[in-house]
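Biologist: I'm new to this one, could you show it to me and take my questions as they come?

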Amino acid sequence: MCNQARPGPRPPACPTDHDMDALEAERAISAPHDTRPRPTIGLREAVAVIVGVVIGAGIFKAPSLVASMSGGATAMFTLWIMGGVVSLIGALCYAELTTSYPHAGGDYHYLHRAYGRSVAFLFGWARFSVITTGSIALLGFVFGDYMQQAIPLSMLPAGWGSTAYAVAVIAGLSALNLRGIRTGTGAQTFLTVAEILGLLLIVGAAALFTDPAPASAAAATTAGASAPATAALGMAMVFVLLTYGGWNEAAYISAEMRGGPRDMVKALTMGIVIITVLYLMVTWAYWKVLGMEGMSASEAVAADVMKVVFGPAGEKIISVLVAVSALTSINATMIVGARTSYAMGLDWKKLGRLAEWDSERGTPTVAMTVQCVAALALVATGAALGGGFKAMVEFTAPVFWLFFLLTGISLFVLRRREPRAPRPFEVPLYPVLPLLFCASCAYMLWSSLSYVYSQQLGGLNAAWIGVAVLAIGVVLLLLLRAKTDQ
């Protein structure tokens, strides 16, 4: 333990969190150059990662929820545009952080510099235990569910086909990414292009579809439609922003961009613009074929559109498209997710194995392997709990938004604490845009807390799930600190 005050020579002071920042910098400088991330990712691959992370299964479900809450086509499209604007504001804030402090740890690194390694550790733990690995497992089940519809594994017992697909895709993509960053980003580019082409297929089908939308639905788009309640619009915005979520993952590849700060800014802005345009086009396609009322009533809006245009074959097409989207998001999440564990390994001696970086392949091999094992363990948990597992992961959303808000605030903290740090890019209209970004994060935190607090899981209030995740992190943090101080 740290020396306590006692007679005699003054003992050395216990290191603070910010002392650890200096120690980490010394380790990074003294480490051999080829054991750290090197610039290997181009602009095209970075944009593919951003687009791939963001566009998941949400765009095939959320538009119907947004339509049911917005009250009219004008309000609906305005909400999707606002989601793109809010995301672009956030991307500009992240552009300053990523170009000023390029690091494979991404958000973890910014939280470390702003608040110390204890807060950063809690974020890293939450990300490893449920945010990243939970997303990979859930996306694995989404992939499995839709692939089971398209190509059923009839030789397996009922209900096991989806799980088998989930295990196979997580193990397979992990092995692919362990081969190296070039292999992983190359696959990501291919998958993202396939995903975009699939979305454009929906848009093209709607453009060629000449039948009018149902009359009752068309009536809901007129100026005489009743204005939606403010609360309904607010909830609709929650679903919009959730569908846009994930662009911040670009921070984790900031230290590996070949083009440096300029390409990082381009990747963030181009990614958001591409996503916004695609979301507007796909929402227009749903609206053109089904109308507002049809969208609002649909349980599977994309499948309903394709069924109207192509008949029964449309359902098979949309199953494959959703599976490709899930595959794209899984691969991108794996690339960025393992880099948080790598950064934790740099900070904590007991976790040092996680910081092993394969310079030849350009990937954190141990962190990637551990991430794969954890995701497969969650798949096993999901197979046992069924729908309860999906709820358990979703109920930790407040934890994500809490740290997202803290990352936004870190921009202000770091500008004040490190005023002379080089900033190749500064967010325009400072502090207005960062304040707007933080306000949107705070709103999403409040909304997610309100939702979780109203839910039950296993007879307990769902809010306790996020508390339990952080509480376990605090226990682990205390154990690490105790071992470090001895």
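Modeller: What follows is a short talk through some parts of this structure, which is a predicted model.

Biologist: Which residues touch the most other members of the largest nonpolar core?

Modeller: That core has 136 residues, and the ones that touch the most other members are Phe 60, Trp 80, Ile 202, Trp 247, Leu 268, Tyr 286 and Ile 318.

Biologist: Take Ile 318, what is it in contact with, leaving aside neighbours within four places in sequence?

Modeller: With those neighbours left aside, Ile 318 is in contact with Phe 60 and Ile 202, and also with Ala 302, Ala 303 and Met 306. Another core, of five residues, lies apart from the largest one, and among its members are Phe 395, Val 452, Ala 462 and Ile 465.

Biologist: OK, and Ile 272, is that buried or exposed?

Modeller: Ile 272, whose place is in helix H11, has a relative accessible area of 3%, and because buried means under 20%, Ile 272 counts as buried.

Biologist: What does Ile 272 touch, not counting residues up to four places away?

Modeller: Ile 272 touches Gly 84, Ser 87, Leu 88, Ala 91 and Trp 247 on that count. Val 51 is 221 residues from Ile 272 in sequence, yet the two C-alpha atoms are 7.8 Å apart in space.

Biologist: Switching to the outside, which residues form the nonpolar patch on the surface?

Modeller: The patch is formed by Val 193, Leu 197, Leu 200, Val 273, Val 277 and Met 281, which together have about 480 Å² of accessible area. The elements that give two or more residues to this patch are helix H8, residues 181-208, and helix H11, residues 260-297.

Biologist: What about helix H3, how many of its residues are buried?

Modeller: Helix H3 covers residues 62-70, and seven of its nine residues are buried, namely Ala 62, Pro 63, Ser 64, Val 66, Ala 67, Met 69 and Ser 70. Just after H3 comes Gly 71, which takes a positive phi of about 85 degrees.

Biologist: Last one, what do the buried residues of H15 pack against?

Modeller: In helix H15, residues 387-394, the residues Phe 389, Ala 391 and Val 393 are buried. The buried residues of H15 pack against helices H6 (117-150), H14 (365-385) and H16 (397-417), and also against strand S1 (456-457).

How values were computed. Residues are numbered from 1 along each chain as its sequence is written. This is a predicted model: local features need pLDDT of at least 70, side-chain atom pairs count only at pLDDT 80 or more; totals for chains, interfaces and linings use all residues. Side-chain values use heavy atoms; hydrogens and water are left out. Patches are made of residues with over 30% relative accessible area and no salt bridge: like charges are joined within 9 Å, nonpolar side chains (Val, Leu, Ile, Met, Phe, Trp, Tyr) within 5 Å. Accessible areas come from the Shrake-Rupley method with a 1.4 Å probe; for residues, only the protein chains shown count as cover. A salt bridge is a side-chain nitrogen of Lys or Arg within 4 Å of a carboxyl oxygen of Asp or Glu. Helices (H or I, at least four residues) and strands (E, at least two) are DSSP runs, numbered from the N terminus. A nonpolar core is a set of buried Ala, Val, Leu, Ile, Met, Phe, Trp, Tyr and Cys residues joined through side-chain atoms within 4.5 Å. Buried means under 20% relative accessible area, exposed over 50%, partly exposed in between (1.4 Å probe, protein chains only). Contact means heavy atoms within 4.5 Å.
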